[in-house]
Amino acid sequence: MARASIPLLTTIVAFVYVIQSNPATSTATILHGRTRPAMVLPLYLSQPNISRSISISRRHLQRSHLNSHPNARMRLYDDLLLNGYYTTRLWIGTPPQTFALIVDTGSTVTYVPCATCEHCGDHQDPKFEPDLSSTYQPVKCNLDCNCDRERAQCVYERKYAEMSSSSGVLGEDIISFGNESDLKPQRAVFGCENVETGDLYSQHADGIIGLGRGDLSVVDQLVEKGVISDSFSLCYGGMDVGGGAMVLGGISPPKDMVFTHSDPVRSPYYNIDLKVIHVAGKPLPLNPKVFDGKHGTVLDSGTTYAYLPEAAFLAFKDAIMSELQSLKQIRGPDPNYNDICFSGAPSDVSQLSDTFPAVEMAFGNGQKLLLAPENYLFRHSKVRGAYCLGIFQNGRDPTTLLGGIIVRNTLVMYDREHSKIGFWKTNCSELWERLHITGALSPIPSSSEGKNSSTDLSPSEPPNYVLPGDLQIGRITFDMFLSINYSDLRPHIPELADSIAQELDVNTSQVHLLNFMSKGNNSFIAWAVFPSGSANYISNATALRIISRLAEHRVHIPDTFGNYKLLQWNIEPKVKRTWWQEHFLMVVLAITIMMVVGLSVFGILFILRRRRQSVNSYKPVDAALPEQELQPL
């Protein structure tokens, strides 16, 4: 189930309960495999309401220009191929409760696990506590939503193609986008999960942030309030990089951004007008209508790879293989899949263009998007210098589905107001500098904690990690919960310590296991990070980096260790030692030296005395000797 090519509309499996009368659906779904998780679209139940789409377009035309609205700049975490998704941080409630949410352009609902959840997995952050938020309000039952059995509160439900699901109640609270956002916290409706199944239950991320078209979408709610322009942008990191950036609201597009039309009437998903695919400068021998089947060509951030209709996939595969005759074709990393892989290529991503052909996507307006090898390849996890095609056949479904791999290191602007989508090749880790935007993503959040009042409902910003300048840190401790039996974990403790050290960017020798406790099939482990080498303490800069990664749950460990949850972390100052403790080694060394010197002097004197005795005992040959009485026999 690591990768699937699921048709969008062949079977009715999506059930949708929302606050609107017209159903909408979501495209975010996670399929966790042993080697590489993937994300695919769920099936769509009903056709979009055309009159509603037209009214939305009319409403968008009445919005003012992009520059008149603020936007929310947010970080993206995780890695598309390693984790199967990208996440961003969202703060909900007063005081704010933090969540890591999967970024999905196809979902129309944002939801997080609720404290009342009867069947929710162990995720990255604690569940949402409505009772702890002074600004939370349940969405009461009304004519425009589906209600619970008591007809007291609106409910929602999402079922995905791989049979995972999410259901719960709808609530309204203040959501905050982080201290790097110009957009102030806003009230919004979201789902509070009571039941989750399948991969939604086992995933590390807490939930999903819905960016699709629908009244419950975060984008639609903010646009309806008039606080942002009807646009948002995503920028995914490249191969071996991960992370990225997200902007809710409009930004000025770069001059060389490539645009294509996106028809909101045809499909609830973000579609593009793809006509031709070129490989090594040669167009694939296909009828352009092959990319126009069913939903057309859909761009979805909740899908990992790309899926083409059968005819398009076969033509693409043949064109690629004809250009790679110098490479050796090998088996894929997972025997369950017939991956098309090649060995003998350079390991450096920047040199892949010298081996693999360039691929271009041509749109209906004549503009072309150049795809680098990292946009259609993924690394072979078992063979160095080997890569596999990240584009597959979409079964018998005629829809063309382009997942996140296609837009790695690409700024994608979803300009919904003008019904178009733009692409701009760039290094997403340097996005703000390249766009000449001030207030770039800083390494450490530096916001001040807000104050709640009757007139200001804005929650406090993310925590501010400030350490006194004169504090000398002796060690940083943290407790971790792992969903794996300790007997299975114990042989791999060094491997886990090495993984944690890499995530915290410290030496493996600095990470020490302090304690452990086994409880059923779970393990509780206490760790400590000590100063490196001969250092007496951890510098504040290093400590801040470690703290931010721990507190913001940016430490990711291999799936072989199961799901983990960070229980707590703590900073311990450098222990003040007595004069004797500080100078113990020096005293011992001095005493040792004195003893060595003393023994050496004693030895020299002893040798000299023996030599002197030897000289004094010498007698001449003719010297008179005292007579000695003979003893009787």
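# Structural briefing: fold, helices and salt bridges

The protein contains ten helices and 31 strands. The model is a predicted one. Of its 633 residues, 53% are buried. The accessible surface amounts to about 30,000 Å², and carbon and sulfur atoms account for 54% of that area. Among contacts with a separation of 6 or more, 71% are between residues 24 or more positions apart.

**Helix H5**

- Helix H5 covers residues 310-323, and its 14 residues should span 20 Å at 1.5 Å a residue; the end C-alpha atoms are 20 Å apart, which agrees with that expectation.
- The buried residues in H5 are Ala312, Phe313, Ala315, Phe316, Ala319 and Ile320. They cover an arc of only 165° around the axis, and therefore lie on the same side of H5.
- Several strands receive the buried residues of H5: these residues pack against S14 (274-279), S17 (306-308), S20 (359-363), S23 (387-389) and S24 (391-393).

**Helix H8 and the residues that follow**

- Proline 494 is located in helix H8, which comprises residues 493-504. This proline counts as exposed because its relative accessibility is 58%, the cut-off for exposed being over 50%.
- Between proline 494 and valine 511 there are 9.7 Å in space, C-alpha to C-alpha, and the two are 17 residues apart in sequence.
- Aspartate 505 and arginine 545 form a salt bridge through their side chains, with an N to O distance of 3.9 Å. This pair links distant parts of the chain, 40 residues apart: aspartate 505 is in the loop between H8 and strand S29 (511-519), whereas arginine 545 is in helix H9 (residues 540-551).
- Arginine 545 has a relative accessibility of 23% and so counts as partly exposed.

**Salt bridges**

- Side chains of opposite charge can pair when their charged atoms come close. In this model the count of salt bridges comes to 13.
- One of them joins the side chains of glutamate 180 and arginine 75, at 3.1 Å from N to O. Glutamate 180 is in the loop between strand S7 (165-176) and strand S8 (186-197), while arginine 75 is in strand S1 (residues 72-76), so the pair ties together parts that are 105 residues apart in sequence.
- The cut-off for buried is under 20%.
- Arginine 187 forms a salt bridge with glutamate 172, and their closest N and O atoms are 3.9 Å apart. Since arginine 187 belongs to strand S8 and glutamate 172 to strand S7, the pair ties together parts that are 15 residues apart in sequence.
- Glutamate 172 counts as partly exposed because its relative accessible area is 24%.

- A nonpolar patch on the surface is formed by Leu589, Ile593, Val597, Val601, Ile604, Leu605 and Leu608, which together have about 640 Å² of accessible area.
- Valine 597, one of the patch residues, is located in helix H10, which comprises residues 579-616.
- With a relative accessibility of 47%, valine 597 counts as partly exposed.

Key
Residues are numbered from 1 along each chain as its sequence is written. This is a predicted model: local features need pLDDT of at least 70, side-chain atom pairs count only at pLDDT 80 or more; totals for chains, interfaces and linings use all residues. Side-chain values use heavy atoms; hydrogens and water are left out. Patches are made of residues with over 30% relative accessible area and no salt bridge: like charges are joined within 9 Å, nonpolar side chains (Val, Leu, Ile, Met, Phe, Trp, Tyr) within 5 Å. Accessible areas come from the Shrake-Rupley method with a 1.4 Å probe; for residues, only the protein chains shown count as cover. A salt bridge is a side-chain nitrogen of Lys or Arg within 4 Å of a carboxyl oxygen of Asp or Glu. Helices (H or I, at least four residues) and strands (E, at least two) are DSSP runs, numbered from the N terminus. Buried means under 20% relative accessible area, exposed over 50%, partly exposed in between (1.4 Å probe, protein chains only). The expected span of a helix is 1.5 Å times one less than its number of residues. The arc is that of the directions from the helix axis to the C-beta atoms. Contact means heavy atoms within 4.5 Å.
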